[in-house]
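I opened my notebook to look up a few things in this structure. Below is what I found, entry by entry.

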Amino acid sequence: MKRQGRSLLLATLLCVLSLPVNVTVARTLLPETLVQVLGLLLSLFLGFRYSQAYNRWWEARVLWGALVNESRNWRDLLTRVLPSQLPLSLRRRLLQQVVLLMWCLNAELRGFDREATVLAPQAQALALKLGFKNPCVQRLLQHMAKEQYKLHQDGWLDNVESREFGRVQQEITNALGGLERIRHQPLPASSTFFIRALTWVYGYLVFLKLDAIGPTTTALVGWLVFLVFLMAERIGTFLEHPFVDARFALPMDRFCDLISFDLLGASDPLDPLAQPCPTKGPWLR
């Protein structure tokens, strides 16, 4: 948001400095068809940018929905498949590992270091309880696979049941991979730079065109149009990154809260992760 504020301030300064020479600059830079052609180009490129950015945002939303569903499948498998003789503490640990996995994914998608994941306080407490000093997504996936192998080796799961657990974890892994791809593969930087530069040029020329007409009110309208175009371009950039900016990002804390409640709330409704998260800062809804 600070970058957007600087852009709007710079655009305002550029407009103010152009006021004394508006007529001269307008005659030099504004052939009759130039603004029309640039406007057509900008509408095409901005439309493409918004379409691609929204597709990324929506795909991320769908993948988080898949994680919610597969975490419930994991819970139901533990209830349906594992025998009642299995220690309750082990069953609960298998649920807690999935909850911790989601909170680690949340932190990594926000851009925190994989080797020093910054978790919400409740999730950090859960990590220490499970014996993970520096948890991350890949370590947890490997640990979950080892837990399933041990259950199979100890006779708690037969081959068919083991494959069922493997299938659910594979679906979770596929969704994780899709979210990481969106996080680490943004739209090409050259495309972003070109659209941003075209937005600046077109907005400035529109201001000059309106300012050259004469009345002060038209210059004010031109300035407002310039700022609107800049804001529209920046909003497309925010949508392109659905995990970072809290105002435009997906509500990942709410997804994690929902998964935590679904997996832990029934067995222990007093568990901190089964309650609404009261923390502030990066974890604020």
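Predicted model: local features only at pLDDT ≥ 70, side-chain atom pairs only at ≥ 80, totals over all residues.

I then looked up Phe 45. I noted that the structure holds 9 aromatic pairs. For Phe 45 and Phe 194, the ring centres are 4.9 Å apart and the planes stand at 70 degrees. Edge-to-face means an angle over 60 degrees, so this pair is edge-to-face. Phe 45 sits in helix 3 and Phe 194 in helix 8 (residues 189-211). The pair therefore ties together parts that are 149 residues apart in sequence.

I stayed in helix 3, where Gly 39 has its place. Is Gly 39 buried or exposed? At 17% relative accessibility, Gly 39 counts as buried. I checked the distance from Gly 39 to Leu 198. They are 159 residues apart in sequence, yet 9.3 Å apart in space, C-alpha to C-alpha.

I looked for a nonpolar patch. Tyr 54, Trp 58 and Val 62 form one on the surface. Together they have about 320 Å² of accessible area. Trp 58 belongs to helix 3, which covers residues 34-80. Trp 58 is partly exposed, because its relative accessibility is 46%. I also found ring pairs here, and they link Tyr 54, Trp 57 and Trp 58 into a cluster.

How many residues does the largest nonpolar core have? I read off 55. Among the residues with the most contacts inside this core are Trp 64, Trp 74, Leu 101 and Phe 243. Several helices each supply at least two of the core's residues, including helix 3, helix 6 (137-153) and helix 7 (159-184). Helix 4 gives the largest share, 13 residues. Apart from this core lies another, of 17 residues, with Leu 38 and Tyr 202 among them. I then followed Leu 101. Not counting residues up to four places away in sequence, Leu 101 touches Val 137, Leu 140, Leu 141, Met 144, Ile 172 and Leu 176.

I found Gln 169 in helix 7. Its relative accessibility is 9%, so Gln 169 counts as buried. Which residues is Gln 169 in contact with, leaving aside neighbours within four places in sequence? I listed Trp 74, Leu 141, Met 144, Ala 145 and Gln 148.

Notes. Residues numbered from 1 in each chain as written. Heavy atoms only, no water. Patch = residues over 30% accessible without salt bridge, like charges linked within 9 Å, V, L, I, M, F, W, Y side chains within 5 Å. Areas by Shrake-Rupley, 256 points an atom, 1.4 Å probe, with all protein chains shown as cover. Salt bridge = Lys/Arg side-chain N within 4 Å of Asp/Glu carboxyl O. Helix = DSSP H or I, 4+ residues; strand = E, 2+ residues; numbered from the N terminus. Buried < 20%, exposed > 50% of the residue type's maximum accessible area, 1.4 Å probe, protein only. Core = buried A, V, L, I, M, F, W, Y, C linked by side-chain atoms within 4.5 Å. Contact = heavy atoms within 4.5 Å. Phe/Tyr/Trp six-rings, centres within 6.5 Å; stacked < 30°, edge-to-face > 60°.
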